[in-house]
Amino acid sequence: MATILAISGSPSAISRTQGVLHHVERRLRDDGHTVTSLAVRELPAVPLLAGDKTDPAIRAVVDEIAAADALVVATPIYKAAYTGLLKALLDLLPQYAFAEKSVLPLATGGTTAHVLAIDYALRPVLTSLGTAHVAQGYFVLDRFLTAAGADEIVIDRAAGAALFDIVDRFSSSLRAHRSLAPAG
């Protein structure tokens, strides 16, 4: 199975985006994949914002991305775009950091006016990083997410079914890709 890095671009410690990402991570693990998590907000701010690629924490993230077979990139949408925090991370990565990787973009937001932010704001930058395949993304409206404790989010049944359909297709494509890879 694939090794997947799940990246949260949310700047908030308590986050609907992070809650959705936890559900997605659990679903991918249940399907046999190895999933690790990265909350960009936990990286040291000065090296992140300065693009200091020599910082040990930043180097470790670049190495994690390089080692992953696939990525899930999740972000809240603010003002019709992904977060500046996520942008800071993406900007410091090597030009082809996502080469030969599949990426599943996910977003949360308060209005349907921002649904296309995945395709018009996030997808181009993921592609510019050399992504082999950007999967169909999914946008979850905030009104379909309910807090159920400090760090647990309940997803509306219909929204959850649609999200998990996208996640399952992503997972299946990773399995198919791995089965076609030459034995090394």
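Trainee: Why does Ala 121 count as buried?

Mentor: This is a predicted model, and every value is computed from it. Ala 121 has a relative accessibility of 19%. Buried means under 20%, so Ala 121 counts as buried.

Trainee: Where is Ala 121, and which residues does Ala 121 touch?

Mentor: Ala 121 sits in helix α5, residues 117-128. Leaving out residues up to four places away in sequence, Ala 121 touches Ala 80, Ala 81, Tyr 82 and Leu 116. Ala 81 is 40 residues from Ala 121 in sequence, yet the two C-alpha atoms are 5.8 Å apart in space.

Trainee: How do you know that the length of α5 agrees with its number of residues?

Mentor: At 1.5 Å a residue, the 12 residues of α5 should span 16 Å. The end C-alpha atoms of α5 are 16 Å apart, so the two values agree.

Trainee: What makes the buried residues of α5 line one face of the helix?

Mentor: In α5 the buried residues are Ala 117, Ile 118, Ala 121, Leu 122, Val 125 and Leu 126. Seen down the axis of α5, they fall within an arc of 115°, so they line one face. The general rule is that an α-helix has 3.6 residues a turn, so residues three or four places apart point the same way.

Trainee: What do the buried residues of α5 pack against, and what follows the helix?

Mentor: They pack against β3, α4, β4 (102-109), β5 (133-134) and β6 (138-141). After α5 comes Gly 130, with a positive phi near 90°.

Trainee: How do you know that the span of α3 agrees with its number of residues?

Mentor: Helix α3 covers residues 56-67, and at 1.5 Å a residue its 12 residues should span 16 Å. Its end C-alpha atoms are 16 Å apart, so the span agrees.

Trainee: Which residues of α3 are buried, and why are they said to be on the same side?

Mentor: Ile 58, Val 61 and Ile 65 are buried in α3. They cover an arc of only 60° around the axis, which puts them on the same side of α3. On the other side, Pro 56, Asp 63, Ala 66 and Ala 67 are exposed. The cover over the buried residues of α3 includes β1 (3-8), β2 (34-39), α2 (45-50), β3 (70-76) and α4 (84-92).

Trainee: What caps the N-terminal end of α3?

Mentor: Asp 55 does, with a side-chain oxygen 2.9 Å from the backbone nitrogen of Ala 57. A polar contact requires N or O atoms within 3.5 Å, and the distance here is 2.9 Å.

Trainee: How many residues are in the largest nonpolar core, and which have the most contacts inside it?

Mentor: The largest nonpolar core has 29 residues, and those with the most contacts inside it are Ile 7, Leu 48, Ile 65, Leu 71, Leu 89, Leu 93 and Phe 98. At least two residues of this core come from each of β1, α3, β3, α4 and α5. The largest share, 6 residues, is supplied by α4. Another core, of 26 residues, lies apart from it and has Ala 2, Val 24, Leu 106 and Ile 166 among its residues.

Trainee: What does Ile 65 contact?

Mentor: Beyond its neighbours within four places in sequence, Ile 65 is in contact with Leu 5, Ile 7, Leu 71, Leu 93, Ala 97, Phe 98 and Lys 101.

Trainee: Why is Ser 171 called buried?

Mentor: Its relative accessible area is 1%. The cut-off is under 20%, so Ser 171 is buried. Ser 171 lies in helix α6, residues 157-180, and its contacts more than four places away in sequence are Leu 28, Asp 31 and His 33.

Trainee: What makes Ser 102 count as buried?

Mentor: Ser 102 has 14% relative accessibility, so by the cut-off of under 20% Ser 102 counts as buried. Ser 102 is in strand β4.

Trainee: How do you know that the radius of gyration agrees with a compact globule?

Mentor: For 184 residues, a compact globule would have a radius of gyration near 16 Å; the protein has 16 Å, so the two agree.

Definitions and conventions:
Residues are numbered from 1 along each chain as its sequence is written. This is a predicted model: local features need pLDDT of at least 70, side-chain atom pairs count only at pLDDT 80 or more; totals for chains, interfaces and linings use all residues. Side-chain values use heavy atoms; hydrogens and water are left out. The expected span of a helix is 1.5 Å times one less than its number of residues. Buried means under 20% relative accessible area, exposed over 50%, partly exposed in between (1.4 Å probe, protein chains only). The arc is that of the directions from the helix axis to the C-beta atoms. Contact means heavy atoms within 4.5 Å. A polar contact is a pair of N or O atoms within 3.5 Å; within protein, one must be able to donate a hydrogen and the other to accept it, and residues adjacent in sequence count only if both atoms are side-chain atoms. A nonpolar core is a set of buried Ala, Val, Leu, Ile, Met, Phe, Trp, Tyr and Cys residues joined through side-chain atoms within 4.5 Å. The radius of gyration is taken over C-alpha atoms; the globule rule is 2.2 Å times the number of residues to the power 0.38.
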